[in-house]
Amino acid sequence: MFGEDLILKWLDEGTIDHVQAEKMREDLAEYNRERRSKKQIIAFSTIGAILIGIGAILFVASNWEKIGDTVKVLLLVGSTVGIHYAGYLLKYEKQKYPRLGSALILLSALLFGASFFLIAQIYNINANNSTLVFIWVLGVFPLIYGYRSAPIAGLCSLLFYLWISLLYLERTDLNKLINIWDLYLISGISIYFIGVLHGLAEKIKHAETAFKFMGLQALLFALFVHTFELGEYQVEKIVPVIYAISGILFLAVLLPKPLREKLTGFRIDVSISIVALLMAGITLTTIYSPASEKIYMILFNIIFLGLLTLLLYAGYSTENMGIVNTTMFWFVLLIFARYFDFFWELLPRSLFFMLGGLVLLFISVVLERKRRELKVQFSGGEQ
Amino acid sequence: MNQKKIFYLTIVFWLLIFSGFILYKEYTLRTGTEVVLKTEPVDPRDLFRGDYVTLNYEISTLDLEVVPAEDPHFNYNDRIYLALALEEGYGVPKKVYRNPPEDGLYIKGTVKELIYDWEEDEDGIVTEEPQIKELRVEYGIESYFVPEGRGLEIESQQWTGEEGVNVKVVVDKYGNAVIKSLLIDGKEVEI
């Protein structure tokens, strides 16, 4: 994206005249206004859809006795089908409100889950049943491709994490096989990898960012938890194998030049493959020579900081504002956590909070300034 | 494939999931045998979470000395089939099978915990191979959903009622069970 500085440069060089420069400025301002407005519509309609969806799920959860079961099912299933039709109509038939149409399709995917849970509630299917969440994923997954919906890709990723969490609670034998944080880490890497694969084909590229974002968040969350003293770190032999396979699969996609050229976030993808291979090494070493929890804490802090640095570098060089924001968020969280760990016992409480507050204020000023600088640079003057 | 086809396919797919699920459960409810199962109070702190009541049945814990098993070797998450005898409407456990019995009433469950028993000598050394003493089994009917705030009511009746809380379930010929109603002191309650 070009900005005022480029227009001035072209004016100086004589590439364009003053009339052309003025036209460029006007068009650029118009383009930025249009883009901002589109983003606002998407944000408002998506948040609106999510709020209604949450409301519907809470309606089911309240198990309101004033309405009979049949009426409730007809009401909710009817709303699901009706809203889905409205979304389809607005996005494809009328094509007048495509963004609102997309939001309504997302809402119908949420209502599908709410309806399904209502039916499961009526028949008293055991609570916290992972299969129900799995059927929800199964029901809405085809919409990612049918309607080219990125928000539904995000929803499916979220439901996938929920499904593995419930499955982990249900199947106590999984406890012996894998640590929950390793399971989240592997899931995050897998979802991110699915995002990478989506980036390779033009037809499904729309879901790339959503999958990558959700994968990266789970991966960072699991690594962040690992930075605490979690007690004895036990690993079964299957865990390094899974990490190694995921790392090798990543490399198989990232290394061949024709595939690599199709990927926009190559540097970020490499950072994730490094994490997968590093985890394969750490878990393999743990099996044969386990270290103390302090050592793991230090090691994971270094890995987490290293990954954040790599991501920041990658985000900066690919001008990806989302990655920069994500990195800064987790960086602040890490500082906050370590501050609590190290100083909570050492300083008197009042001094602790005052000092902590000052440190956070200082960090926020530095980060905000840096973020603004980057944003200005990326968007060519737009703030 | 155009968007219109995708729209119709989605609606059909969703309705199939909804109706398939309803039919699966309705089949059990309409063709199965009604059985009353006795519940045992569990730790009150675990009795209900949120707006459902956790039901712990007498058949949730199977003492293999009382209820014999066709094959006494079990693993975690194994599928079992518990043959039931109807005594005054109540389902009484008869025998545990690894495969569906050829006839009679039985309920399908999953082993969730194995409790072992072993003998030790005076020095605390195990003298014989540990044997499975009890099975903790889940039948998929362990939750009963109640309207917001009504869980407390059932809980108090479970503790103060004379006969406690029983559950009327319907079991189909494949061993699938669906909760039909809750009985407090022998009377069906409308919740």
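How many residues of chain B are in contact with how many residues of chain A? Hi everyone, let's start there: 26 residues of chain B touch 28 residues of chain A, where two residues are in contact if their C-beta atoms, placed from the backbone, lie within 7 Å.

A word on what we are looking at. This is a predicted model, in which local features need pLDDT of at least 70 and side-chain atom pairs count only at pLDDT 80 or more, while totals for chains, interfaces and linings use all residues. Residues are numbered from 1 along each chain as its sequence is written, and chains are lettered from A and ligands numbered from 1 in the order in which they are written.

Back to the interface. On the side of chain B that touches chain A, at least two residues each come from α1 (3-31), β9 (143-145) and β11 (177-184) of chain B. Those labels are DSSP runs numbered from the N terminus, with helices being H or I of at least four residues and strands being E of at least two. The biggest giver on that side is α1(B), with eleven residues. By class, the chain B side has 17 nonpolar, five polar and four charged residues. Here Ala, Val, Leu, Ile, Met, Phe, Trp, Tyr, Cys and Pro count as nonpolar, Asp, Glu, Lys and Arg as charged, and the others, Gly among them, as polar.

How about confidence? The model scores ipTM 0.77 and pTM 0.82. Chain B has an average pLDDT of 83, and 84% of its residues score at least 70; pLDDT is the predictor's confidence in each residue, from 0 to 100. Within chain B, strand β5 (residues 79-87) is highest, at 94, and strand β2 (residues 48-49) is lowest, at a mean of 36. Please be careful with residues 43-50 of chain B, where the pLDDT is below 50. That stretch still has eleven contacts in the model beyond near neighbours in sequence.

Now to chain A, which is divided into domain 1 (1-123) and domain 2 (126-322), with bounds from an automatic or database domain assignment. Taken over C-alpha atoms, the centres of these two domains of chain A are 27 Å apart. Ten residues from domain 1 of chain A and eleven residues from domain 2 of chain A make the contact. On the domain 1 side, α4(A) gives the most, with nine residues. That side divides into seven nonpolar, three polar and no charged residues.

Which helix does α4(A) pack with? Helix α4 (residues 98-122) of chain A packs with helix α5 (residues 130-146) of chain A at an angle of about 150°, their axes 10 Å apart. The axes are lines fitted to C-alpha atoms, for helices over the stretch in contact, and angles run from 0 to 180 degrees between N-to-C directions. That angle makes α4(A) roughly antiparallel to α5(A) (under 35 degrees is roughly parallel, over 145 roughly antiparallel, 65 to 115 roughly perpendicular and the rest oblique). The contact has eleven nonpolar, two polar and no charged residues.

One last pair: helix α13 (residues 293-317) of chain A and helix α14 (residues 321-343) of chain A pack at about 155°, with axes 8 Å apart. They are therefore roughly antiparallel to each other, and α13(A) passes α14(A) in a left-handed crossing. Residues in this contact include F304(A) and Y316(A) of α13(A), together with W330(A) and F331(A) of α14(A). By class, the contact of α13(A) with α14(A) has eleven nonpolar, two polar and no charged residues. Thanks, everyone!

Conventions: A crossing is left-handed if the near helix is turned anticlockwise from the far one by less than a right angle, and right-handed if clockwise.
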